[in-house]
Amino acid sequence: CIAVAIVACVLCTNITFAGRVKDIATIEGVTGVQVVGYGLVTGLSNTGDSQRSGFTVQSIINMLKRFGVTPQNINLRTRNVAAVMVTATIPVFMKKGAKLDVQISSAGDAESLQGGVLLMTPLSGTDGAFYGFAQGPISVGGYDYRMLGSRTGRNSTTSGRVPSGCILDKNVEGTIVNNSQIRVLLRDPDFTTATRVADAI
């Protein structure tokens, strides 16, 4: 029995645990495309931007003019509207018409985006090209309630996400092969790991 146990221990010490290359490295050219846009969120319950956020008022006026409405009173109450930034990372090889989530964050002094709806917002990349449009109801990861002078809340309500809110308007191409080579980028680069990955490939 003792001899069997010793042999088992020796065998266990010689076992090497292999890992997948995708767990420690990425392929160059498949990191995705980051896009950003500026938009408006409506339907807020008196928790939107105040008149101190002049760009929100200007954005509302510009939006109304697009629909043929010219406001006569420039002193608009904007507490049901908030200016927001819309961001997303589009994975490569996604095709036109695909949907993905977008992140929403307040750009003004809104108190909460809870219950709001993002209006159609164009999203562009660093190259200035438009990749798609985002809109839809916002889902926030917290809550903020006020009543009779008391307040209770958890996490931030000035940021959230719109699930499947972006519809791509163009294909997102990726370039994996460059000069007949595929480059593997280690997340934590060192010579030993690079040599072992090269040998394994």
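Which residues form a nonpolar patch on the surface? Here are a few notes to read alongside the model.

1. **What you're looking at.** This is a predicted model, where local features need pLDDT of at least 70, side-chain atom pairs count only at pLDDT 80 or more, and totals for chains, interfaces and linings use all residues. Residues are numbered from 1 along each chain as its sequence is written, and side-chain values use heavy atoms, with hydrogens and water left out.

2. **The patch.** Back to the opening question: the members are Val-21, Ile-27, Phe-93, Ile-176, Ile-182, Val-184 and Ile-201, and together they have about 570 Å² of accessible area. That area comes from the Shrake-Rupley method with a 1.4 Å probe, and for residues only the protein chains shown count as cover. To get into a patch, a residue needs over 30% relative accessible area and no salt bridge; like charges are joined within 9 Å, and nonpolar side chains (Val, Leu, Ile, Met, Phe, Trp, Tyr) within 5 Å. A salt bridge, in turn, is a side-chain nitrogen of Lys or Arg within 4 Å of a carboxyl oxygen of Asp or Glu.

3. Find Val-21 in helix H2, residues 21-24. (Helices, H or I with at least four residues, and strands, E with at least two, are DSSP runs numbered from the N terminus.) Val-21 has a relative accessible area of 31%, so it is partly exposed; buried means under 20%, exposed over 50%, and partly exposed in between, with a 1.4 Å probe and protein chains only.

4. **Following the strands.** Two strands pair if DSSP finds at least two bridges between them. Start at E2, which pairs with strand E5 (residues 117-124) in the antiparallel sense over three bridges; here Val-36 has Ser-124 as its bridge partner. E2 also pairs with E3, antiparallel again, over nine bridges, and Leu-40 stands opposite Ala-83 there.

5. **Two backbone angles to check.** Asn-46 isn't glycine, yet its phi is positive, near 60°. Look for Asn-46 in the loop between strand E2 (33-42) and helix H3 (54-66); Asn-46 is partly exposed because its relative accessibility is 41%. Ser-164 also has a positive phi, near 55°, but Ser-164 sits in strand E10. With 42% relative accessibility, Ser-164 counts as partly exposed.
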